[in-house]
Amino acid sequence: MGDKVNFQVPDRMAAITISEPGGPEVLALADQPVPVPGPGEVLVKVAYAGVNRPDCLQRAGLYPPPPGASALPGLEISGTIVGAGDAEAADWLGRRVCALVSGGGYAQYCVAKLGTCLPVPDALPLEQAAALPETLFTVWHNVFQRGLARDGETLLVHGGTSGIGSMAIKLAKLFALTVIVTCGSDDKCVAARELGADHAINYKTADFVEEVRAITGKAGCQIVLDMVAGSYTQRNLDCLGEEGRLVTIAVLGGAKAEVNMARLMVRRQTMTGSTLRARSDAFKQLLAAEIACEVWPLVEEGDLRPQMDRVFPLAEAAEAHRRMEAGDHIGKIVLAVD
């Protein structure tokens, strides 16, 4: 590799490690070797790293990294490419990028697959760029690829002010969908409408099934994006009309559900779901390529920006996790690394 001729890359770096499974207090700033990119990979000098709920699950010992991935938390980054594992990747040296990674984002340097890197436009601040990959890849794959969203359809999103929820609102509106969200307070409902949601339901004070049926004139919505599962599963199906699609991306309410299959059959409904981290590099690169064609022009033109909550210094990763787990955030939480 000849990258060190152009960039002075140290041998060691600061990174956040997980000392043992547990609460936010197990996150600790530590000295680690700088990773080395292999073929098809780049080394990114990280400016910012996004904080996501899977990071909290990994810290608690409930979501181990896939084989071969970094044991450090962090699934999305922004920064500058300062190292390359082969000649093709070397063409990207010096570029500002954001990337979806399988781990290792909470560090000064992180290895990323070249195929999951997206160029950061000059007008996009790096702190916002770091808040895009995880939610953008997740929403695009689940709402548009698995959920088969089409112009004019109605989408129900649970957790409307979360990172995923806020991205789902923004992306769905750009593609001419009607968006209904659920939130846990009236204030969050107001915030979700300010983000662009057409309707926001406080699930603590109203039955979201009845509300969705009223909003849609009893026809039901076409897609539900759900992070809850458990007891929500049948209620989500009850929100859907004929040919409706339920897409589950997390099981915060429990992994098991009881479903009325006869009702599902009569309505010809579809249930699907996915997790992104464990998918193959080839899949993630194909997904990135589609996003680069279909969505990234909206980022370049300034039409799509993430909803930002707070930026914490890398050393305060534990505080960032506490804020996420408290559930008070609206939009994305990000760590400032550089």
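The report below goes through selected ion pairs in turn.

## Overview

The model is predicted, and 14 salt bridges are found in the structure.

## A buried pair across the chain

One of these salt bridges is formed by the side chains of E153 and R245, with an N to O distance of 2.8 Å. E153 belongs to the loop between α4 (133-146) and β8 (154-158), whereas R245 sits in strand β12 (residues 240-248), so the contact ties together parts that are 92 residues apart in sequence. Both E153 and R245 are buried.

## A pair between two helices

The side chains of D238 and R263 also meet in a salt bridge, at 2.7 Å from N to O. Because D238 lies in helix α8 (residues 232-239) and R263 in helix α9 (residues 261-267), this pair ties together parts that are 25 residues apart in sequence. With a relative accessible area of 18%, D238 is buried, while R263 counts as partly exposed at 36% relative accessibility.

Within helix α12 (residues 317-326) lie both E319 and R322, three residues apart, which is about one turn of the helix, and their side chains form a salt bridge of 2.7 Å, N to O. E319 is partly exposed, having a relative accessible area of 39%, and R322 is likewise partly exposed, with a relative accessible area of 35%.

Methods:
Residues are numbered from 1 along each chain as its sequence is written. This is a predicted model: local features need pLDDT of at least 70, side-chain atom pairs count only at pLDDT 80 or more; totals for chains, interfaces and linings use all residues. Side-chain values use heavy atoms; hydrogens and water are left out. A salt bridge is a side-chain nitrogen of Lys or Arg within 4 Å of a carboxyl oxygen of Asp or Glu. Helices (H or I, at least four residues) and strands (E, at least two) are DSSP runs, numbered from the N terminus. Buried means under 20% relative accessible area, exposed over 50%, partly exposed in between (1.4 Å probe, protein chains only).
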